[in-house]
Amino acid sequence: MTATFRPEDHAWMAQALRLAAQGLFTTTPNPRVGCVLVRDGQLVGSGWHRRAGEPHAEVHALAEAGAQAAGATAYVTLEPCSHHGRTPPCADALIAAGVSRVVAAMTDPNPLVAGRGLARLAAAGVSAEHGLLAAEAAELNKGFIQRMTQQRPWVTVKLGASLDGKSALSDGRSQWITGPAARADVQRLRARSCAVLTGAGTVMADNPRLTVRDFAVERQPLRVVAEGVMCAGALERAVYQDGGRTVVACALAHPGQRAKLQAQGVTVWELPLANNPGKVDLPMLLAQLAQEYGVNELLVEAGMGVCGALLQADLVDELVIYQAPVTLGHDARGLFDIPPLPNLDVARRWQWHDVAKVGNDLRLTLRR
């Protein structure tokens, strides 16, 4: 049930959210969850979910609290699970420990839970409430929610832009429009993302690794390369050579190139668009990334072709634009390759989500 919460409830849930945020770079494909146990106004246990397959936040908190969990209130940023996955149900663990009240920030969008955890607690006589700092909890798990409800990842398109709205010189060179602080900030975006998507043109022009650098991480994101007809000569590019996880999604795979890529450990998906077999079916690609790899958050670092195609397909949830105080001229390349608009009435409108200064550049975050 929803409830009216006291100031101390807000304070304890805020602490649980700070704990959950510690899993920002590690929990994929699971959600980021934190839990605190409070008895007689005192913290008796706390925990956060660290990695998939390991104990959930509630289990860590209960272990720390021990016998003091009896009669305590559990503040958890996501509804306790009610099903057997790689770990037992957390709702059962809270009941067994004698917790008297559970406050969840939000219900779990996973169809296997979806209110059942709170219902199980209530049936056992535990006061079960939700809706406290729900927006903050949802922001922390925007990708997990998207995958559970829409069966595709949350898609963030990252772009470096000049003051005149250009992403590269006319010959494709873009290193470096933005400054070192902005480039370092991008590493955090990569680190929290489950996968990074680029296009074959960017692979050939910039030879990116698409790995997290100068930032300690336990795992690297999956690299995904989208291309129409499989390109000869790309086998030596860094994204295929360093032993990391890479998927090539193409509309038409050349048998010889496919075999060579697979021999290098690269996964090849052939996903032609039904009405345009020379293009990759982007909705199918996103669905497959969600299903096969549990991708919650997908970061796009690509040229105007891939970015424009995603925009046209209405698959972009968020834009992160690093705008540098530099002008590149009218012949430089734009941000999106999209058809001209007949009038402004059909222009896509975005909401400002955040504006921040990063070094000498601006980071503009927009959502649809």
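Contact here means heavy atoms within 4.5 Å. The model is predicted: local features need pLDDT of at least 70, side-chain atom pairs count only at pLDDT 80 or more, and totals for chains, interfaces and linings use all residues. Residues are numbered from 1 along each chain as its sequence is written, and side-chain values use heavy atoms, with hydrogens and water left out.

**View 1. Val102 and the nonpolar cores.** Val102 touches Ala74, Val76, Pro80, Leu94, Leu121, Val126, Ser127, Ala128 and Glu129, residues up to four places away in sequence not being counted. Val102 belongs to the largest nonpolar core, which has 39 residues. Met13, Leu37, Val102 and Leu121 have the most contacts inside this core. A nonpolar core is a set of buried Ala, Val, Leu, Ile, Met, Phe, Trp, Tyr and Cys residues joined through side-chain atoms within 4.5 Å. Buried means under 20% relative accessible area, exposed over 50%, and partly exposed in between (1.4 Å probe, protein chains only). Helix α1 (residues 7–20) gives the largest share of the core, 5 residues. A second, separate core has 34 residues, among them Ala195, Val247, Leu271 and Leu311.

**View 2. Helices α3 and α4.** Helix α3 (residues 90–97) packs on helix α4 (residues 116–123) at an angle of about 20°, the axes being 9 Å apart. Helices (H or I, at least four residues) and strands (E, at least two) are DSSP runs, numbered from the N terminus. Axes are lines fitted to C-alpha atoms, for helices over the stretch in contact, and angles run from 0 to 180 degrees between N-to-C directions. α3 and α4 are therefore roughly parallel. Angles under 35 degrees count as roughly parallel, over 145 as roughly antiparallel, 65 to 115 as roughly perpendicular and the rest as oblique. The α3–α4 crossing is right-handed. A crossing is right-handed if the near helix is turned clockwise from the far one by less than a right angle, and left-handed if anticlockwise. From α3, Ala91, Asp92, Leu94 and Ile95 meet Gly117, Arg120 and Leu121 of α4. The residues of this contact divide into 4 nonpolar, 1 polar and 2 charged. Ala, Val, Leu, Ile, Met, Phe, Trp, Tyr, Cys and Pro count as nonpolar, Asp, Glu, Lys and Arg as charged, and the others, Gly among them, as polar.

**View 3. Helices α2 and α3.** The axes of helix α2 (residues 57–65) and α3 come within 9 Å and cross at roughly 20°. α2 and α3 are therefore roughly parallel. The crossing is left-handed. Glu58, Val59 and Leu62 of α2 meet Cys90, Ala93, Leu94 and Ala97 of α3. This contact divides into 6 nonpolar, no polar and 1 charged residue.

**View 4. The loop between α1 and β1.** Thr27 lies in the loop between α1 and β1 (34–39). Thr27 counts as buried, at 1% relative accessibility. Apart from neighbours within four places in sequence, Thr27 is in contact with Arg32, His49, Arg50, Arg51 and Ala52. Pro29 lies in the loop between α1 and β1. A cis peptide bond joins Thr28 to Pro29, with omega about 5°.

**View 5. The loop between α8 and β8.** Asn207 sits in the loop between α8 (200–206) and β8 (222–229). Asn207 is not a glycine, yet has a positive phi of about 50°. Asn207 counts as partly exposed, at 32% relative accessibility. Asp214 is also found in the loop between α8 and β8. Asp214, not a glycine, has a positive phi of about 55°. At 84% relative accessibility, Asp214 counts as exposed. Most residues other than glycine have a negative phi, and most peptide bonds are trans.
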